[in-house]
Amino acid sequence: MHKNFRTSLWTVALAISSYSVHAQQPANAQLSEVCPLPAPLFDAPTHPITGLPTGAIGVRANRADIDSTTQVASFYGNVEVQLDAQQLRTQQAQINQQTGNINASGATRFTNGYVQVASENFRLNSGENRAFLSGARYQLTATGAHGKADVLSLSPQRVILEGSTFTTCPGDNPAWQMSAQEISLSEDEEWGEAWHAKFELFGLPVLYIPYINFPVTDARKSGFLFPTFRSSQKNGFEVEAPYYINIAPNMDATIAPRYMAERGLQMQGEFRFLSETSEGQYNLAYLENDDSTVDNSARYLWRIEQSHIWGDHWRGYINGTFISDDDYLNDLGSDFAGRADAQLYRHAQLDYLTDDWQVTLRAEDFELLGNYRSPYRTMPQITSHYSHSSPLDLDFTLFSELSHFRNQDDSTDTATRVHLEPQLRYHLEHPGFDWLAELSYAYTYYDQEQNLATGLTANPTRSLPTFRWRGRVNLERSVEIGDEAYLHTLQPQIQYLYTPYRDQSGIGIYDSTLMQDDYQGLFRARRFSGLDRIADANQATVGVSTSLFDNQARELARVSFGQIYYFENSQTQLLESADENLASRSDLALETRFRINNNMYFNSSIQYNLELHRTRKSQTTIEYRKDEFNLIQFSHRTVTNLLEEDVEQVGMIGVVELSPRWQMASNWYYDLANSRTNDALIALQYSDCCWAMRISGYRRINRNLEFNTGLPQVGAPEFDNGVSIQFIIKGLGSDNRSLLDLLEQSLFGYRHPFHLSN
């Protein structure tokens with residue numbers, strides 16, 4: 001959950017059909033240098049009057065006349081009047097010593113720390129504790145907001161402007177401003193109110209509002225957020241108008257109606273809270289009748305995320321996203337899941353932690369998107385992990401698990417698993433080398449209540465010892481390249497793993513899958529995640545990693561490669577129909593990373609089959625990243641034997657500041673195997689000191705998951721095209737986001753290029 005609550009904005013553009021106004025203000029790295037706070041209307045006195053008691057009036061002038069009868073003092077020439085934090089400068093002023101009233105004629109300059117005012121005259125009524133200035137130009141000290149007023153009145157913590165204007169744009173000809181019959185600004189509450197207001201863009205009135213309220217700082221206040229207008233082939237014309245509700249300092253909500261011409265009206269809601277011990281966020285989106293479907297079915301998304309801490313030992317967490325149908329994300333989108341996501345993961349857990357114990361009660365669920373067999377739910381799972389270390393570097397751990405699985409489609413298809421696994425571990429570590437020896441014994445019992453005609457056993461058990469030994473040598477030397485000194489490291493390592501074979505064909509597959517065989521994965525103790533399959537192994541893994549560091553200990557280059565050598569072929573497969581692994585060695589895993597300079601990086605991960613002389617899987621990326629506003633990344637990705645169809649793609653993603661005011665973003669992913677563009681987006685944004693405009697367009701594959709049978713798509717795919725124009729008003733409170741956030745909403749978002757699993 002994001003802990004920075006959003007700022008509410010005033011609903012100024014609801015009637016501007018030719019523009020799109022959005023609550024998010026895109027940031028610009030250099031724009032702050034172009035748009036600093038405006039200079040004050042006037043400078044503070046060089047020698048202010050000091051040492052006055054509270055409530056006393058201090059005066060400095062070239063000449064003073066005092067009428068003893070009327071008790072009126074008149075001051076002339078460079079008059080300076082000080083009353084607590086209020087300062088007045090003029091050429092002529094009169095002070096009534098009995099009433100405390102002050103009158104000044106001619107050009108005056110007044111400030112109270114909150115606002116500066118240059119006016120034609122000044123009058124202070126001490127009885128009402130209010131000052132009046134006519135023909136005024138004003139500027140708020142903290143924010144730079146400014147304008148003009150026929151009459152400006154000041155009272156403690158409040159400024160009232162009659163016949164006035166208000167804007168946060170610098171200069172005499174602002175891009176936008178509000179003119180109103182009366183504007184009231186509150187110093188304590190940091191918000192303003194306006195009556196009979198007109199909103200003007202580039203000097204043209206575009207909207208009349210009888211009454212509005214708006215923040216003058218980044219303080220939160222209930223009100224409309226700026227709406228967004230979009231257009232796409234799937235949804236038609238769209239408009240979304242969020243309303244923000246500031247419930248409490250640690251609690252808020254947002255209601256966002258979203259109208260889509262092709263689908264209808266969708267209601268969206270969000271509730272958030274934050275406390276010292278817990279935080280949570282709840283979201284709901286509901287479309288009662290989707291006009292684009294044959295049956296006008298209802299479509300929805302709801303999500304919950306909450307964490308809580310009870311004392312020093314207890315932790316709780318729940319997170320889940322639920323949708324009405326598999327195509328919801330593709331058709332309607334969401335901030336909580338990508339359009340390319342293949343599954344939704346939900347889980348809730350309760351943890352108990354001490355120095356030696358960690359006990360977890362968990363329930364988890366996977367929802368596969370598409371026409372696939374539903375996975376099993378874990379309802380519930382109880383795991384415990386006990387660890388104890390002796391002074392002789394000998395560690396003892398005991399892992400235990402009790403899991404109950406239930407088929408999502410068949411409530412009678414259930415299984416219960418009990419697993420116990422004690423382990424002895426000896427780890428010796430020195431600067432020049434380290435080695436690890438592990439001996440474990442795993443016992444697993446199943447109670448499978450399902451159709452045993454599938455070949456499964458009602459109550460299978462499995463007992464498996466495992467021995468693992470790994471040793472590493474850490475070598476280093478100093479080298480000189482050119483005139484620079486570097487540190488070169490070399491780390492060869494070897495691992496031996498032995499697990500005997502056990503027939504596990506009578507056990508169902510509930511939570512196991514094959515894990516990634518990258519360089520680090522070669523040194524795992526197991527091939528499969530979960531506990532339904534523990535593969536037999538009699539193998540040695542050999543690998544080496546070498547790195548180059550500069551004199552500031554920054555890694556400039558790394559090359560790692562390794563391979564597994566099988567002394568016996570593994571007979572345990574995830575699916576019994578799969579062929580046995582008859583190869584004498586695994587694929588060669590190669591990983592390289594190069595820091596070309598402080599902003600440019602090259603990364604590559606490859607799995608290469610030396611017997612078939614072909615690449616199984618690879619990802620290569622070169623990236624230039626100055627900051628989040630200036631980056632460009634090129635990537636190439638291959639996967640072979642994926643559903644009998646090879647995948648080879650190239651991609652580009654970038655965000656570039658063309659100038660302090662212009663920013664461009666784009667991504668493009670091209671399928672080399674099918675000679676087509678799968679996803680493309682381009683956006684151009686202009687940012688000024690007080691307004692911005694963003695124009696974007698996209699083209700992406702329309703994923704029809706409801707009809708996907710798991711086989712490759714036959715024929716040309718359908719594409720969805722869309723455009724968006726957003727007009728952003730700045731200065732009335734907003735978020736700071738770059739165009740990189742827009743790219744994250746595309747089919748393939750930005751990702752750090754360090755793992756093949758990406």
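Modeller: Rings of Phe, Tyr and Trp pair if their centres lie within 6.5 Å. In this predicted model, Tyr376, Phe405, Tyr446 and Tyr510 form one aromatic cluster.

Biologist: How many aromatic pairs does the rule give?

Modeller: The count comes to 20 aromatic pairs.

Biologist: Why is the pair of Phe594 and Phe602 called tilted?

Modeller: The ring centres of Phe594 and Phe602 are 6.1 Å apart and the planes stand at 40 degrees. Stacked needs planes under 30 degrees apart and edge-to-face needs over 60, so the pair is tilted.

Biologist: What makes Phe594 partly exposed?

Modeller: Phe594 has a relative accessible area of 33%. Buried means under 20% and exposed over 50%, so Phe594 is partly exposed. Phe602, with a relative accessible area of 24%, is also partly exposed.

Biologist: How do you know that Arg700 lies over the face of Tyr698?

Modeller: Arg700 is at 4.1 Å from the ring centre of Tyr698. The limit is within 6 Å, together with an angle within 35 degrees of the ring normal. Arg700 is therefore counted as lying over the face of Tyr698.

Biologist: Which residues touch the most other members of the largest nonpolar core?

Modeller: Phe122, Leu152, Phe166, Ile183, Leu185 and Phe214 do, out of 48 residues in that core. Leaving aside neighbours within four places in sequence, the contacts of Leu152 include Val117, Phe132, Tyr138 and Ile160. A second, separate core of eleven residues includes Leu287, Ile323, Tyr328 and Leu344.

Biologist: What share of the protein counts as buried?

Modeller: Of its 758 residues, 45% do.

Note on methods. Residues numbered from 1 in each chain as written. Predicted model: local features only at pLDDT ≥ 70, side-chain atom pairs only at ≥ 80, totals over all residues. Heavy atoms only, no water. Core = buried A, V, L, I, M, F, W, Y, C linked by side-chain atoms within 4.5 Å. Buried < 20%, exposed > 50% of the residue type's maximum accessible area, 1.4 Å probe, protein only. Contact = heavy atoms within 4.5 Å. Phe/Tyr/Trp six-rings, centres within 6.5 Å; stacked < 30°, edge-to-face > 60°.
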